[in-house]
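Colleague: I have not looked at this one before. Can you walk me through it?

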Amino acid sequence: MAFADLFRKKASGDVAKSRLMFVLSADRAGCTPEVIENIKNDIIEVLSRYVEIDKDGLDIKVNHSDTESSNGGPSLYANIPIKGMRRK
Amino acid sequence: MGEVIVITSGKGGVGKTTTTANVGTGLAKLDKKVVLIDTDIGLRNLDVVMGLENRIVYNLVDVIEGSCRIKQALIKDKRYPNLYLLPSAQTKDKTSVNPEQMKKLCEELKEEFDYILMDCPAGIEQGFHNAIAGADRALVVTTPEVSAVRDADRIIGLLEANEMKQTHLIVNRLRMDMVKRGDMMSSEDVVEILAIDLIGVVPDDENIVVSTNQGEPLVGSDTLAGKAYMNICHRIIGEEVPYLDLTEKKGLFSRLFGKK
């Protein structure tokens with residue numbers, strides 16, 4: 001490891017905290033990575049009937065944070081870039 | 001009328017039994033009448049941590065099954081006038097007892113004692129449900145590690161689902177030197193993640209090992225852990241106590257000659 005890396009490395013305590021925040025949001029929502037993966041695949045399947053999706057730019061996750069629309073419960077966040085409409 | 005407090009964590013090995021022993025002994029030192037109940041059936045441990053392992057005649061399962069009266073099974077700790085232990089059974093398993101029976105036992109003990117402390121087994125199965133059944137409040141013990149905090153979060157969810165009236169957090173085995181250099185989550189981090197009220201922070205202290213070896217809880221002694229546990233006891237009885245500075249005090253020698 002280069003000397004400069006010592007200063008660049010993120011403190012492991014912070015790594016632990018952010019990893020925990022992420023895993024707990026899934027735990028609390030009762031939403032495992034497998035379920036998310038299934039939801040993602042189903043969304044892709046349905047949307048692909050109508051539009052062309054950028055599968056690499058896809059971002060789907062479950063948040064537990066208090067957003068205005070979620071009323072304190074978990075919310076599903078999905079960012080799906082569309083390449084173009086599918087011609088019938 | 002007494003209060004039943006369950007000490008729980010989800011994950012094993014984070015210090016439930018040590019916490020039960022020290023908080024119970026500390027409350028007895030504050031002149032409260034206390035009984036400690038080891039609810040970990042099959043994996044009896046609170047007796048050795050308390051140094052009372054040679055005095056067991058009857059146990060929790062005997063009381064539940066009606067093979068003896070409660071009074072016969074309670075071991076009086078001779079070092080304190082108001083401290084008793086109800087040991088667990090070593091040869092039975094968790095299904096020998098059910099939550100309804102535990103609730104009834106708690107109700108009876110509440111007539112006699114100020115505080116009834118339940119040492120909960122690890123896990124979220126029947127042993128956990130037995131331990132929380134009669135409890136009025138819960139102390140969730142965790143260490144600042146990802147596995148322990150994750151399990152604590154699960155436990156807090158289960159306590160909420162079981163309508164626990166009051167739940168407080170104890171962050172155990174904190175190492176200030178590691179927190180300072182960023183290699184351990186701080187108690188503030190853990191509180192932020194778990195979002196429940198803190199009731200104590202106990203430092204990682206070698207004296208705990210020594211005290212467990214000897215079977216004498218160190219609460220109230222002139223050690224960092226001893227003071228931290230005593231502070232928890234004061235907070236349990238409703239007093240406000242400031243949090244300790246857990247930064248290790250260096251001796252004269254290391255202050256003079258040691259590295260910074």
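This is a predicted model: local features need pLDDT of at least 70, side-chain atom pairs count only at pLDDT 80 or more; totals for chains, interfaces and linings use all residues.

Colleague: How many helices and strands does chain B have?

Modeller: Chain B has 12 helices and 8 strands. Those are DSSP runs numbered from the N terminus, with helices being H or I of at least four residues and strands E of at least two. The radius of gyration is 18 Å, close to the 18 Å of the globule rule for 260 residues, so chain B is as compact as a globular protein of that length. That radius is taken over C-alpha atoms, and the rule is 2.2 Å times the number of residues to the power 0.38.

Colleague: What share of the residues in chain B is buried?

Modeller: Of the 260 residues, 54% are buried. Buried means under 20% relative accessible area, exposed means over 50%, and partly exposed is in between, with a 1.4 Å probe and protein chains only.

Colleague: Now the second largest pocket. What is its volume?

Modeller: The volume is about 420 Å³. A pocket here is an open set of points on a 1 Å grid over the protein atoms alone, where a 1.4 Å probe fits, with protein on both sides within 12 Å along at least five of seven lines; lining residues have an atom within 4 Å of a point. Points are joined across faces, edges and corners, and the volume is the space filled by probe spheres set on them.

Colleague: Which residues are closest to its centre?

Modeller: Among the 27 lining residues, those are Gly13(B), Gly15(B), Lys16(B), Thr18(B) and Arg173(B). The elements of chain B giving two or more residues to the lining include helix H1 (16–29) and strand E7 (166–174).

Colleague: Is Thr18(B) buried or exposed?

Modeller: Thr18(B) is buried, at 17% relative accessible area. It sits in helix H1 and, leaving aside neighbours within four places in sequence, is in contact with Val49(B), Ile208(B) and Tyr229(B). Contact means heavy atoms within 4.5 Å.

Colleague: And where is Arg173(B)?

Modeller: Arg173(B) is in strand E7. It is partly exposed, with a relative accessible area of 34%. Its phi is positive, about 60 degrees, although it is not a glycine. Most residues other than glycine have a negative phi.

Colleague: Which other residue has a positive phi, near 55 degrees?

Modeller: Ala195(B), also not a glycine. Ala195(B) lies in the loop between helix H9 (187–194) and E8, and is exposed at 62%.

Colleague: Back to helix H1. What does Val23(B) touch?

Modeller: Val23(B), in helix H1, touches Leu117(B), Tyr229(B), Ile232(B), Cys233(B) and Ile236(B), not counting residues up to four places away in sequence. Val23(B) is buried, with a relative accessible area of 0%.

Colleague: Last one: where is Val61(B)?

Modeller: In helix H3, residues 60–65. Val61(B) is buried, at 0% relative accessible area. Its contacts beyond four places in sequence include Ile41(B) and Ala89(B).

Definitions and conventions: Residues are numbered from 1 along each chain as its sequence is written. Chains are lettered from A and ligands numbered from 1 in the order in which they are written. Side-chain values use heavy atoms; hydrogens and water are left out.
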